[in-house]
Amino acid sequence: MRDATSRFLMLRSLFNFGLVVMWPAVLLAANTRPLVDLSTPKEAALSAMRCLEGGTLADIKATVLADDSMYEELEARAVATSAGENCVSAIKTVFGATAADDFAIGHGLGDKRRLDAVMNASAKVNGDSAVLDCGNIPGLNVKLKKVGGQWKMDMTDAQPDPGLAAIYKGASKVWNETALDIIRGKFKKVDEIDPAVSAKMDVAMAALPPTTAPATRPTTKPAVAPAAIQQ
């Protein structure tokens with residue numbers, strides 16, 4: 001189980017350091033389309049972040065420039081993030097807001113530090129290109145490009161990580177199953193949920209081909225950001 005556990009820890013780390021802006025749970029609340037404003041670099045970056053964390057593939061394509069293989073990874077990550085939020089919503093419904101907040105923090109769900117950084121960023125515009133300098137998080141710089149009069153996050157240089165989309169899909173299944181288990185009353189105490197999630201993740205990650213767990217990916221950087229967010 002060591003490989004499966006390492007994959008789960010990697011996945012948790014990717015969520016912890018991702019561009020996290022949560023949307024309503026797709027199983028437990030009405031789905032809300034992300035607000036999109038592409039009029040300025042900053043608004044476009046915020047729109048892209050919202051779509052990357054809870055939008056559909058169409059929403060992501062409307063706000064992010066990338067190739068098809070990268071879009072697949074981004075879509076899978078957005079679905080996984082929304083699925084993770086299903087658990088948070090379910091816990092809030094059954095066990096209360098404090099328990100939900102604790103679970104969300106423990107699993108890196110709802111961390112808005114990067115969103116806040118972009119909101120306070122200064123934009124450096126050079127023709128149809130721009131970079132948001134997020135000085136309050138050192139090293140976080142968001143690249144954007146103006147296309148057809150609209151600004152979009154530029155991830156055209158990003159290379160998808162082989163197999164990462166499959167990892168996110170496996171995680172999505174675990175989160176959604178756990179959310180339903182919570183609503184159906186499977187857990188009598190909130191402390192029972194975390195071990196159940198870990199066990200399910202072990203099984204889901206172990207079922208993936210070995211190539212889906214890249215050994216060289218840093219565990220402290222977001223999966224969606226290599227080209228759009230520069231170090």
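Contact here means heavy atoms within 4.5 Å. The model is predicted: local features need pLDDT of at least 70, side-chain atom pairs count only at pLDDT 80 or more, and totals for chains, interfaces and linings use all residues. Residues are numbered from 1 along each chain as its sequence is written, and side-chain values use heavy atoms, with hydrogens and water left out. Helices (H or I, at least four residues) and strands (E, at least two) are DSSP runs, numbered from the N terminus.

**S122 and strand 2**

- S122 belongs to strand 2, which covers residues 122-126.
- Beyond its neighbours within four places in sequence, S122 is in contact with V131, L132 and D133.
- S122 has 40% relative accessibility and so counts as partly exposed; the cut-offs are under 20% relative accessible area for buried, over 50% for exposed and partly exposed in between, with a 1.4 Å probe and protein chains only.

**Helix pairs**

Axes are lines fitted to C-alpha atoms, for helices over the stretch in contact, and angles run from 0 to 180 degrees between N-to-C directions. Angles under 35 degrees count as roughly parallel, over 145 as roughly antiparallel, 65 to 115 as roughly perpendicular and the rest as oblique.

- Helix 2 (residues 41-54) and helix 4 (residues 68-95) have axes that come within 5 Å and cross at roughly 70°, and the two helices are therefore roughly perpendicular.
- On the helix 2 side, C51, L52, E53 and G54 take part, and they meet L74, R77, A78, T81 and S82 of helix 4.
- The residues of this contact are four nonpolar, three polar and two charged, where Ala, Val, Leu, Ile, Met, Phe, Trp, Tyr, Cys and Pro count as nonpolar, Asp, Glu, Lys and Arg as charged, and the others, Gly among them, as polar.
- Helix 4 packs against helix 5 (residues 97-106) at an angle of about 155°, with the axes 7 Å apart, so the pair is roughly antiparallel.
- The crossing of helix 4 with helix 5 is right-handed; a crossing is left-handed if the near helix is turned anticlockwise from the far one by less than a right angle, and right-handed if clockwise.
- Helix 4 contributes C87, V88, I91, K92 and F95 to the contact, and helix 5 contributes A97, A99, A100, F103 and A104.
- By class, the contact of helix 4 with helix 5 holds nine nonpolar, no polar and one charged residues.
- The axes of helix 4 and helix 7 come within 8 Å and cross at roughly 15°, which means that the two helices are roughly parallel.
- Helix 4 and helix 7 form a left-handed crossing, and their contact has 16 nonpolar, six polar and four charged residues.

A nonpolar core is a set of buried Ala, Val, Leu, Ile, Met, Phe, Trp, Tyr and Cys residues joined through side-chain atoms within 4.5 Å.

- The largest nonpolar core has 29 residues, and I91, F103, W175, I193 and V197 have the most contacts inside it.
- Two or more residues of this core come from each of helix 4, helix 5, helix 7 (164-183) and helix 8 (193-206), and helix 7 gives the most, with nine residues.
- Another core, of 28 residues, lies apart from it and includes L46, L52, L144 and M155.
- V197 is in helix 8 and, at 0% relative accessibility, counts as buried.
- Leaving aside neighbours within four places in sequence, V197 is in contact with F103, H107, V174, W175 and T178.
- V197 and E177 are 20 residues apart in sequence, and their C-alpha atoms are 9.4 Å apart in space.
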